Amino acid sequence: MSDISKISASRESMTEPAWVRWFLTAVAMAFLALFLVVPLAAVFSQALDKGFAVYFAALRETDTLASIRLTLITAAVAVPLNLVFGVVAAWAIAKFSFSGKSFLITLIDLPFSVSPVVSGLIYVLIFGLQGWLGPWLSNHDIKIIFAVPGIILATIFVTFPFVARELIPLMEAQGKDEEEAALVLGASGLQTFFRVTLPNIRWGILYGVILCNARAMGEFGAVSVVSGHIRGSTNTIPLQVEILYNEYNYAAAFAVASLLALLAVVTLIVKNAVEWKLRET
């Protein structure tokens, strides 16, 4: 038997029957429809149930605009800070050997294993009025808990693994050959980073930033604990949705929720585009 025949026979033996492939595909599509398409369709259906006039009126409401503004501010602060941390941490872990590397990786993964509510309570314990630093902050008229700084800190905590976790395996797979070659040719550490390392990880950075931004805008648990739910002041979009829903203002609640749903859809589209670009490069 020729090599080509052997390869063909091997492939046929590894191929499942057509009905199995169709069955698995149908199960996957049904799962996606039930848990993704149907909920999204329900959100937009409820949001537009009373017409576009009510929909846009709900989005123009003062407290809703304030929640949108606060969400954008929080993401605008948290994402760049996590981007810097993620790049630096990934560069250190992937390109250097040092004691404590495993501990650093464990710390990066910590927000994945700790409930967001618990992380919010930790900040209350530290910065709250009865917390460790509470009396000092109160004496100096510095507000962190139940104010914007607390919301930003809680958001940074729950989102800081995303960029680092996307870059670490990418940079480890790329190895150190190009950086070592640049150093041998006389490049400094910063020159090596900006001219060799950074161009090679630019799509990974974008991928991590997309995920980080989506989580920052949609975070509920940690922000709910530290925000105080002050309307027009410390409510982000998810908290505003909760308040409107608890007040039985369903049209407005679903209208605001549709913004987060749109964010999720856009995130998926951009994420897939970046993944396609990564496969092409």
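**Charge, form and selected residues**

Modeller: The protein chain carries 18 positive and 19 negative side chains, and the centres of these two sets lie 3 Å apart. Please keep in mind that this is a predicted model.

Biologist: How many helices and strands does the protein chain have?

Modeller: The protein chain has 15 helices and 0 strands. Its radius of gyration is 24 Å, well over the 19 Å that the globule rule gives for 281 residues, so the protein chain is more spread out than a compact globule. The C-alpha trace spans about 75 × 55 × 30 Å along its principal axes.

Biologist: What share of the residues is buried?

Modeller: Buried residues account for 36% of the 281 residues in the protein chain. The chain exposes about 16,400 Å², and carbon and sulfur atoms supply 69% of that area.

Biologist: And the contacts, how many join residues at least 24 apart?

Modeller: Of the contacts between residues at least 6 apart in sequence, 72% join residues at least 24 apart.

Biologist: Let us go to L70. Where does it lie?

Modeller: L70 lies in helix α4, which covers residues 62–95. With a relative accessible area of 4%, L70 falls under the 20% cut-off and is therefore buried.

Biologist: Which residues does L70 touch?

Modeller: Leaving aside residues up to four places away in sequence, L70 touches V148, I151, S233, T234, N235 and T236. L70 and I151 are 81 residues apart in sequence, and their C-alpha atoms are 9.3 Å apart in space.

Biologist: Changing topic, is helix α14 enclosed or exposed?

Modeller: Helix α14, residues 237–246, is largely enclosed by the rest of the structure, because 7 of its 10 residues are buried.

Biologist: Which ones are they, the buried residues of α14?

Modeller: They are I237, P238, L239, Q240, V241, I243 and L244. After α14 comes Y248, which has a positive phi near 65°.

Biologist: Last one: where is T267 found?

Modeller: T267 is found in helix α15, residues 250–280. T267 counts as buried because its relative accessibility is 11%, and buried means under 20%.

Biologist: What does the side chain of T267 reach?

Modeller: The side chain of T267 reaches the backbone oxygen of L263 at 2.6 Å.

Notes:
Residues numbered from 1 in each chain as written. Predicted model: local features only at pLDDT ≥ 70, side-chain atom pairs only at ≥ 80, totals over all residues. Heavy atoms only, no water. Helix = DSSP H or I, 4+ residues; strand = E, 2+ residues; numbered from the N terminus. Rg over C-alpha atoms; globule rule 2.2 N^0.38 Å. Buried < 20%, exposed > 50% of the residue type's maximum accessible area, 1.4 Å probe, protein only. Contact = heavy atoms within 4.5 Å. Areas by Shrake-Rupley, 256 points an atom, 1.4 Å probe, with all protein chains shown as cover. Lys, Arg positive; Asp, Glu negative; His and termini not counted. Charge placed at Lys NZ, Arg CZ, Asp CG, Glu CD. Polar contact = N/O pair within 3.5 Å; in protein donor to acceptor, adjacent residues only side chain to side chain.
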